[in-house]
Amino acid sequence: MKYEILLNSVLRLPMNKAIKLLEDYQKNVGFKNFAEQQKVLDVLTHKANTQKQIKEEAFQEALMCLAFMSKDKSPWSKAAFENIKGYPMAIWIECIGMMDSESIMSLLNNYHKEFTSSLIETCIINLPESMQLKAVERYKSEIKPEDGMFANFYYSVGEKARLKLRELFPNQIGDDILLELKDLDEKEVIEKLSTEKDRLMKLSADELIEFILLKSRKSVTLNIFLELYRDKVNDSSIQKFELLVTRYIYLKEHLKDLIYENPNRYGHYEDPHLLSDSDLFKLYKDKFHQIGLEKTLTLFNNVTHYRINNFTVDVVLEFVDIAYLDNDFYDSDLYEYLNDETIIEIISKFVENCNNKSYSISDFELLVKNIGRNGKTKIIYDDYIEAIIACGKLLKERVINDQNPLFLELRNKFSTDLLGRCKKDGTYLEDISLNGLFYRLAKGSMPFDKVYMTKTYKGLIYLSKCGQLIDNADYITNFLTDKQLAKLNITPVIRWKKAIHRTNTNADNLSFVERMGLQLLCYFGKDRGKYLLESNMQGNRMENLFDGLKYENVSIDENGVPNINEELITYLFGKGMMKEPNSVINRMIRGDIPEFERYFTEFCNCFEEIKKSCNGVLSVKRIIKHFEDIDLPIELKPDEIGFKHALREMNTTDPILLSEAIGLCKDARNRGYSSIPKVEGQLGDFTYKILDLDDPLAVAVGYLSHCCFVVRGISYSALKHSMQSRNGRTFVVYYKGQFLTQSWVWRNGDVICFDSVEAGSPYHEMYKDDIKLADVYKRAASEMLYVSQETEDDIQKVKVVTIGKSDYTFNNLKDLEIDAPRPLENDVYVYDSFIQQVLAGDMPKEPRYGVVGAQYRDPRKRVVYINDVSNNDIDTLDEVALNVNSLRYQVNGEELPLDFTNYTKIISGDGWYILVKNDGSIESGSLNGNEETKTEYEKYLSRFIESKATSLDNNEPFVKRLEPLNGKRK
């Protein structure tokens with residue numbers, strides 16, 4: 001029996017006969033694959049579910065009526081027919097199937113004129129093959145081929161009956177080519193695709209695709225089919241077409257590795273010249289237009305978080321006239337495929353296409369009139385780009401001039417649109433002219449992507465004033481306001497960029513010099529700003545010292561010169577002797593006064609208050625003492641006391657910064673697990689470790705290493721990622737107990753990256769490019785790799801650990817040969833890791849990016865017992881008090897500190913506590929954490945209750961921590 005006959009017969013036969021037929025087929029023929037078997041079982045399941053919805057009495061009544069009808073055509077028989085003729089087909093199929101063949105023939109003889117074609121077909125199907133031919137000949141006039149179930153009837157009867165039906169209804173049945181091909185193997189089907197093309201082309205597109213999907217197990221089959229049947233596939237339904245494309249991409253990309261690794265099982269990869277994604281897109285361009293841009297990109301799964309994807313660029317360019325975005329592009333699904341790098345490439349190619357066109361004045365007029373008519377946001381503002389390019393060509397050919405009404409209309413629309421879609425700082429309300437930008441775009445001296453990728457109002461202002469090509473106006477203008485940029489004379493900065501060559505910046509271009517120069521000009525003035533920029537101070541130290549200054553407090557006079565605090569500047573640089581060796585600035589540049597450097601930013605921001613606190617007498621020692629004597633200006637809750645040391649390392653009295661830092665520490669505590677394993681160890685005089693997920697020191701490492709990895713700093717988004725994301729952590733290195741370096745660590749799929757080495761501590765200079773520090777990072781990377789290899793599956797485990805190349809670099813490391821990966825999360829600062837080097841492992845040819853299932857949990861903290869308060873050391877008591885006070889506050893809001901005199905016994909666990917009061921009563925609490933926390937808590941609590949708080953065994957082994965506190969109250 002052929003599979004097609006089985007499938008159709010199961011649909012029309014009653015359950016008992018269908019199941020028997022299925023058993024015979026499995027025994028004598030067997031299914032070729034799981035898909036065939038599943039399809040039959042789905043039909044049976046559907047039939048069974050349908051029957052469950054019908055009351056049993058209906059089947060009994062139908063059987064009784066059919067018995068009357070098969071005897072004669074008496075009034076009783078006719079009444080029986082009238083009673084059940086409206087019953088569902090499922091009841092007729094089941095009941096007719098229970099009748100013997102003679103009764104079925106009698107039923108047909110009596111009621112063939114009253115029965116519908118489907119009922120006559122159902123009766124014939126349930127007859128033995130020897131009687132089917134006779135029934136077809138006798139009742140051919142009542143069989144209606146236009147009936148929706150006729151094709152199923154044709155495949156459900158025996159071979160002789162089918163031949164007769166083809167003879168009687170040749171036009172309706174047509175060619176049964178699918179029946180001929182159904183049981184052929186895939187190799188034979190490939191041959192038939194060419195030899196039987198004329199017959200196959202007569203089938204409907206969906207029928208043909210369904211057949212080929214069932215038969216194809218190799219990508220070469222679909223490759224031949226797609227090329228031979230292009231026109232037919234274009235006529236298919238969107239649903240079938242999507243299935244076809246998905247199957248082809250899967251077979252081509254995902255089974256390739258299996259074929260190479262297991263040639264004996266899967267055969268050889270017989271055709272290396274398969275269609276590429278671009279080939280497939282070009283063949284079925286019209287069909288993809290029906291599907292739409294987002295669905296097309298989803299089908300091909302071209303996620304471009306990590307590199308420019310040429311295929312995605314080609315797709316968007318094809319859709320560009322109709323490709324619109326949601327209001328918030330960066331929160332939309334399309335942003336998954338269209339990151340900034342890809343959009344820049346799309347703009348570049350679109351500009352190239354437009355530059356190859358010729359434009360008439362009528363073309364230009366049409367372009368200008370059509371701008372903005374739809375009212376939706378387009379992906380790359382192609383209507384503006386093309387109109388401006390056309391404008392530039394017509395200007396060059398002197399067809400129009402800059403007083404032409406079309407020119408003026410386009411310029412006004414361009415300025416209004418650009419200003420309207422950029423983020424404003426809110427401090428500058430006057431109009432700003434973008435005419436200069438418009439002219440430069442029209443002349444081709446300013447790349448379109450530099451303008452259209454600018455997201456802030458102040459970035460646009462800077463672009464309009466600088467007159468030169470810059471890499472990232474948003475980055476350069478990050479700390480200044482709209483008003484300052486509009487009024488500030490930036491000419492010195494433009495000249496500095498050309499004249500000053502810094503070799504120790506953390507950038508491969510001049511963006512850092514330009515940004516830092518702009519800030520130094522605004523805060524310190526022209527001469528002193530240039531002096532600082534020319535100094536040999538490292539880039540990360542400059543960021544740490546100067547990015548935190550309150551630039552918004554600096555006003556600009558009518559001549560574009562900043563009104564700087566002369567008293568502050570005089571103290572820092574000396575009176576008229578900026579280069580005097582003993583000035584505060586020069587001593588700080590040399591690293592002679594690291595203690596003062598810690599407080600430099602806060603000192604500048606609070607100069608008047610500190611001067612008053614020091615009775616008007618300023619010296620480095622007095623300033624340092626002032627800060628060391630100051631307590632934190634915010635009140636910490638009981639669950640925040642543990643953050644105090646880290647908060648003090650931030651060297652700030654700004655309550656807003658401290659509050660944000662506290663929030664980060666709580667976020668870090670609540671993560672529970674990470675995709676990055678914790679490693680720690682020692683190598684010579686170096687000690688290293690990945691900080692615990694709940695270690696508050698993570699918020700202060702940027703202040704210790706004097707880099708921009710600080711609250712509200714340039715890389716604030718990276719700091720937040722290290723403390724909020726399960727794919728981010730913090731790595732620190734100490735030398736002889738002194739803090740040396742820190743690195744932000746993130747994971748994306750099978751890559752872990754130490755984003756950079758920030759080594760701005762006073763001890764770092766002696767280790768510049770020292771192989772010993774490189775060995776520390778290599779050791780930690782190798783340990784991460786080992787943990788992943790031992791605990792994760794082969795698909796998801798880490799394959800390579802890399803390090804970003806910043807101002808602190810290691811020699812003799814292999815460069816990453818592919819485009820560097822990026823963090824999973826969007827909009828995270830990744831300046832240092834644009835170029836990466838390999839610390840451990842090897843980069844796979846096809847890296848797997850994305851979320852992984854790894855869940856690394858830190859060891860549980862030890863359980864601490866106090867059976868006698870008077871005989872415990874003060875450090876243990878402080879540790880217990882800190883933990884219990886925090887837990888009591890989180891569990892029940894208790895803010896009163898623990899008074900040891902009220903308790904006889906105390907046990908402090910990770911996420912739980914038990915207190916035995918003097919009167920023998922027990923106070924206890926537990927956070928809603930993981931199962932281990934709950935189990936541990938209940939074990940010790942039950943022990944206290946059972947013994948009525950008699951005693952505890954102090955030799956009880958400590959319990960390792962698997963998960964940190966979740967920071968939630970009950």
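Reader: Is Gln-836 buried or exposed?
Author: This is a predicted model in which local features need pLDDT of at least 70 and side-chain atom pairs count only at pLDDT 80 or more, while totals for chains, interfaces and linings use all residues. Residues are numbered from 1 along each chain as its sequence is written, and side-chain values use heavy atoms, with hydrogens and water left out. Taking buried as under 20% relative accessible area, exposed as over 50% and partly exposed as in between (1.4 Å probe, protein chains only), Gln-836, with a relative accessible area of 1%, is buried.

Reader: Which residue has its backbone oxygen 3.1 Å from a polar atom of the side chain of Gln-836?
Author: Gln-836 is found in strand S12 (residues 836–841), where helices (H or I, at least four residues) and strands (E, at least two) are DSSP runs numbered from the N terminus. The backbone oxygen lying 3.1 Å from that side-chain polar atom belongs to Ser-833.

Reader: What distance separates the C-alpha atoms of Leu-740 and Val-757?
Author: Leu-740 lies in strand S8 (residues 738–748) and is buried, with a relative accessible area of 1%. Val-757 is 17 residues apart from Leu-740 along the chain, and their C-alpha atoms are separated by 10.0 Å.

Notes:
A polar contact is a pair of N or O atoms within 3.5 Å; within protein, one must be able to donate a hydrogen and the other to accept it, and residues adjacent in sequence count only if both atoms are side-chain atoms.
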